[in-house]
Amino acid sequence: MKKTMTTTGGNPISDNQNSITAGERGPVLLQDYQLIQKLAHQNRERIPERVVHAKGSGAFGVLEIENDISKYTKAKVLQKGEKTKLLLRFSTVAGEKGAADAERDVRGFALKFYTKEGNWDLVGNNTPVFFVRDAYKFPDFIHTQKRDPQTNMRSNTAMWDFWSLSPESLHQVTILMSDRGLPKSYRNVNGYGSHTYSLINSKNERFWVKFHFKTLQGIETITNKEAEALVGKDRESNQRDLFENIEKKNFPKWSFEIQIMTDEEAKKCSFNPFDLTKVWPHGDYPMIKVGTMTLNENPQNYFQQVEQASFSPSNIVPGISFSPDKMLQARIFSYPDAQRYRVGTHYEMLPVNRPIVEVNTYNLDGSMNFQIKEPTKAFYEPNSFDGAVEDSNFLEPDLEVGDIAKRYNHRDVNDDFSQPRALFLLMSENQKEQLFNNIKDAMAGVPRDIVDRQIALFEKVHPDYASGVRKALGINE
Ligand code: NDP
Ligand code: HEM
């Protein structure tokens with residue numbers, strides 16, 4: 001027998017086809033609370049989309065640690081033999097929730113590991129660097145990626161105006177405009193923690209670390225032309241690819257690797273190792289294989305498990321911590337702030353965000369607080385009633401920081417050209433051609449003075465970079 005439909009209050013519904021009207025032709029009565037409830041719920045089906053990375057796809061999986069890195073970290077999730085359930089959400093940055101997948105953009109690579117010591121979130125991208133190195137510029141940068149307030153259209157001029165006035169963006173712009181800026185599928189991208197984080201071992205020694213997830217499906221990309229044809233037929237190409245492959249049990253995998261830098265090495269490093277526009281060259285800081293990540297389970301409900309998923313760089317566990325990177329510092333604030341607004345005060349109580357460990361805070365009340373706690377006299381701290389207490393065993397080692405507080409001009413001291421040059425020089429002739437042509441496409445309609453200012457930056461990276469772009473644009477030297 002089929003179940004009886006009910007209202008949200010659990011009362012049986014006698015008729016779900018006809019509203020209550022005064023006479024056959026209407027009007028409806030205000031007492032038809034079932035009609036009102038249905039319309040009111042529909043009005044509340046959407047929550048604000050993420051201010052960035054609004055379009056995305058998610059899947060659950062497992063991280064398996066195969067090698068012993070206990071000399072660097074005491075984190076349980078990173079100990080040899082450990083298997084940890086995870087959620088990975090891929091995304092594009094600029095488009096809204098209904099944007100097409102096959103767009104040239106950075107891909108988000110946000111991980112939530114449900115560890116035995118609470119949630120560890122590593123909220124990264126498919127690129128190891130970023131467009132800006134100071135969070136003060138992040139809202140400005142994002143405005144250039146979103147819509148013009150008047151035309152309500154995206155603006156190539158805004159993008160290149162900002163980039164050409166921000167030389168620190170060159171490294172990420174070069175990656176975005178290269179073949180890798182338009183991945184074939186989410187399964188074909190690498191993931192990078194991007195920032196420098198720290199690992200802390202059982203002797204409370206700190207090491208600086210970069211996290212890498214290298215796709216075992218191989219990097220595969222598509223061209224602008226292929227993307228145009230694809231989007232015409234399928235706006236959800238990456239969502240479809242991920243969902244269908246996991247349904248077919250063709251589980252995608254990534255090799256989990258790290259780079260390590262000691263504090264002494266960091267002090268001697270020729271560039272600022274906490275600058276998000278820089279990578280650590282593999283030759284100097286070799287990759288260390290740690291384990292394998294596999295995606296093996298599709299979500300049951302997209303809204304509950306992907307749309308409401310809330311990732312934050314502030315979720316760390318003992319043995320993994322932050323670094324002085326000023327972008328990372330700002331992100332530690334920004335994400336939970338966004339999620340209290342986007343999802344709600346108690347977003348961390350939702351099943352997809354809830355850690356697998358017991359949560360012992362002294363937070364009280366608040367909108368939609370649905371956890372019924374055992375009655376206790378210990379609802380403040382310190383108390384005499386056996387409430388949860390702090391544990392100094394979890395204190396991190398002291399962190400040495402700079403001395404004078406001021407607004408340091410980051411453009412005076414950093415080399416914005418050497419690493420984009422290293423990238424340009426490792427590209428094949430075919431990759432360079434794609435780079436020049438992708439830049440040409442992306443510069444459509446941009447005023448000549450902005451184009452010239454950007455080409456002057458390419459010139460500083462490498463003369464061949466500038467001349468290649470000029471040639472693609474049909475501009476004389
Ligand atoms: P390596 O030759 O050791 O490494 C080059 C890296 O570049 C490889 O990881 C390769 O990825 C990646 N790569 C190749 N083509 C592209 C592209 N179009 N966009 C982005 N990445 C690409 O050199 P170094 O470590 O000395 O770094 C040289 C340059 O390589 C850097 O300036 C940086 O731009 C880029 N890079 C460096 C990374 C690092 O962590 N050191 C990470 C990613 C890029 P794969 O092996 O998957 O093909
Ligand atoms: C999403 C802020 C830089 C990767 C978001 C969100 C905010 C935000 C507010 C939406 C969060 C939500 O509603 O759940 C910022 C700020 C930055 C910054 C202020 C700079 C200071 C970066 C960098 C990376 C990154 C450097 C990658 C290395 C992501 C990803 C998401 C995201 C992957 C989507 C997470 C998901 O799938 O839910 N960012 N961001 N962001 N950001 Fe950032």
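Reader: What sits over the ring of F60?

Author: Happy to start there: in this predicted model, the charged end of K85 lies over that ring, 4.7 Å from the centre of F60. The cut-off for a charge over a ring is within 6 Å of the ring centre.

Reader: Why is the pair of W160 and F458 called edge-to-face?

Author: Centres must lie within 6.5 Å for rings to pair, and planes over 60 degrees apart count as edge-to-face. The structure holds 25 aromatic pairs. In this one the centres of W160 and F458 are 6.4 Å apart and the planes stand at 80 degrees, so the name edge-to-face applies.

Reader: What makes this pair a tie between parts apart in sequence?

Author: W160 belongs to helix α3 and F458 to helix α13 (residues 448-461), so the pair ties together parts that are 298 residues apart in sequence. W160 and F458 are also among the residues that ring pairs link into a cluster, which includes F141, F162 and W163.

Reader: How do you know whether W160 is buried or exposed?

Author: Buried means under 20% relative accessible area. W160 has 0%, so W160 is buried. F458 also has a relative accessible area of 0%, so F458 is buried.

Reader: Which residues make the contact between α2 and α3?

Author: The axes of helix α2 (residues 138-145) and helix α3 (residues 156-164) come within 7 Å and cross at roughly 150 degrees. D140, F141, T144 and Q145 of α2 meet A158, M159, F162 and W163 of α3. Five of these contact residues are nonpolar, two polar and one charged.

Key. Residues numbered from 1 in each chain as written. Chains lettered and ligands numbered in written order. Predicted model: local features only at pLDDT ≥ 70, side-chain atom pairs only at ≥ 80, totals over all residues. Heavy atoms only, no water. Axes fitted to C-alpha atoms, helices over the stretch in contact; angles between N-to-C directions. Helix = DSSP H or I, 4+ residues; strand = E, 2+ residues; numbered from the N terminus. Contact = heavy atoms within 4.5 Å. Nonpolar A, V, L, I, M, F, W, Y, C, P; charged D, E, K, R; others polar. Phe/Tyr/Trp six-rings, centres within 6.5 Å; stacked < 30°, edge-to-face > 60°. Buried < 20%, exposed > 50% of the residue type's maximum accessible area, 1.4 Å probe, protein only. Lys NZ or Arg CZ within 6 Å of the ring centre and 35° of its normal.
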